[in-house]
Amino acid sequence: VRASMPTPGGIADCSDNNRYRCLMGRPRQFSEEHVLAAARDQFWSAGYAGTSLDDLTAATGLGRGSLYAAFGDKHALFVLALDEYCTMMTDMVVTELRDSEGRAYDRLVRHIKSSTQANVADTRRNGCLMAKSASELGVRDKPVSRRVKRMIDAYQAALVETIAAAQREGDIDKATDPKGLAALLLTVLRGMVALRTVGSPPSTIAAAGEQAIALLPRTSSHH
């Protein structure tokens with residue numbers, strides 16, 4: 001919960017993740033986009049608890065006073081960085097699955113392959129900021145859990161929409177429940193991230209991706 005998160009004393013208390021807008025009238029000497037990206041990478045690497053204010057000042061190049069004035073506190077900055085990350089990832093997934101080029105089944109297969117490849121290529125085992133945040137803070141931190149749920153819901157909805165389109169085009173069996181298949185694919189795709197993060201070899205991740213594609217229930221004309 002918000003009250004349990006560390007908060008530097010004497011900081012103006014504006015609402016939720018819009019705190020940095022409280023002083024929008026003041027001239028800025030820095031790019032908020034770059035600061036959020038630097039903070040995101042720091043939190044992504046070390047986690048919320050593992051990131052100190054000194055880490056954030058070093059990563060962003062801003063002093064404590066500037067960080068406080070612009071973003072409110074460490075938690076508010078974290079939520080903003082997470083929000084930017086979730087928005088970016090959601091946009092990427094939705095754009096890939098809703099691409100107007102080609103058939104829906106091909107878009108679905110392409111997405112599974114690209115997600116698999118991205119995990120195989122994660123040699124530093126960075127994982128996913130959203131998943132790390134949910135694991136570390138999600139149960140007790142409502143702003144974090146809301147953002148994570150919003151991203152997962154959008155991801156699943158895009159999968160459902162693509163599966164339903166593939167059914168209409170005759171490439172996936174119409175007897176299949178789109179929501180159930182989307183839930184299965186989402187579990188596999190998000191599970192790949194977790195497996196890679198804890199050290200599963202690329203061959204395991206690649207095999208999971210191949211099996212996910214093989215499990216797609218084709219119509220009899222495609223057998």
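Two residues are taken to be in contact when heavy atoms of the pair lie within 4.5 Å. In the predicted model described here, and leaving aside neighbours within four places in sequence, Asp171 is in contact under this criterion with Arg103, Tyr105, Ala166, Pro217, Arg218, Thr219 and His222. Asp171 itself is found in the loop between H7 and helix H8, the latter spanning 178-197. Because its relative accessibility is 5%, below the 20% limit for burial, Asp171 counts as buried.

Of the 223 residues of the protein chain, 43% count as buried. Among the contacts between residues at least 6 apart in sequence, 71% join residues that are at least 24 apart.

On the side of H5 the contact involves Tyr105, Val109, Ile112, Lys113, Thr116, Asn119 and Val120, which meet Pro202, Ile205, Ala206, Gly209, Ala212 and Ile213 in H9. Divided by class, the residues of the contact of H5 with H9 are 9 nonpolar, 3 polar and 1 charged. Tyr105, one of the H5 residues in this contact, is also among the residues in contact with Asp171.

The second pair consists of helix H6 (residues 129-137) and helix H7 (residues 142-168), the axes of which come within 10 Å and cross at roughly 140°. This angle makes H6 oblique to H7, and the crossing in which H6 passes H7 is left-handed. The contact is made by Met130, Ser133, Ala134 and Leu137 of H6 together with Val144, Val148, Met151 and Ile152 of H7. In terms of residue class, the contact of H6 with H7 has 7 nonpolar residues, 1 polar residue and no charged residues.

Thr60 is found in helix H2, which covers residues 53-60, and with a relative accessibility of 15% Thr60 counts as buried. The side chain of Thr60 reaches two backbone atoms, namely the backbone oxygen of Leu56 at 2.7 Å and the backbone nitrogen of Leu62 at 3.2 Å. When residues up to four places away in sequence are not counted, Thr60 touches Val35, Ala38, Ala39 and Leu67.

Asp41, for its part, is placed in helix H1 (residues 32-46). With a relative accessible area of 39%, Asp41 is partly exposed, whereas Thr60 is buried. The C-alpha atoms of Asp41 and Ala59 are separated by 8.5 Å, although the two residues are 18 residues apart along the chain.

Note on methods: Residues are numbered from 1 along each chain as its sequence is written. This is a predicted model: local features need pLDDT of at least 70, side-chain atom pairs count only at pLDDT 80 or more; totals for chains, interfaces and linings use all residues. Side-chain values use heavy atoms; hydrogens and water are left out. Axes are lines fitted to C-alpha atoms, for helices over the stretch in contact, and angles run from 0 to 180 degrees between N-to-C directions. Helices (H or I, at least four residues) and strands (E, at least two) are DSSP runs, numbered from the N terminus. Angles under 35 degrees count as roughly parallel, over 145 as roughly antiparallel, 65 to 115 as roughly perpendicular and the rest as oblique. A crossing is left-handed if the near helix is turned anticlockwise from the far one by less than a right angle, and right-handed if clockwise. Ala, Val, Leu, Ile, Met, Phe, Trp, Tyr, Cys and Pro count as nonpolar, Asp, Glu, Lys and Arg as charged, and the others, Gly among them, as polar. Buried means under 20% relative accessible area, exposed over 50%, partly exposed in between (1.4 Å probe, protein chains only). A polar contact is a pair of N or O atoms within 3.5 Å; within protein, one must be able to donate a hydrogen and the other to accept it, and residues adjacent in sequence count only if both atoms are side-chain atoms.
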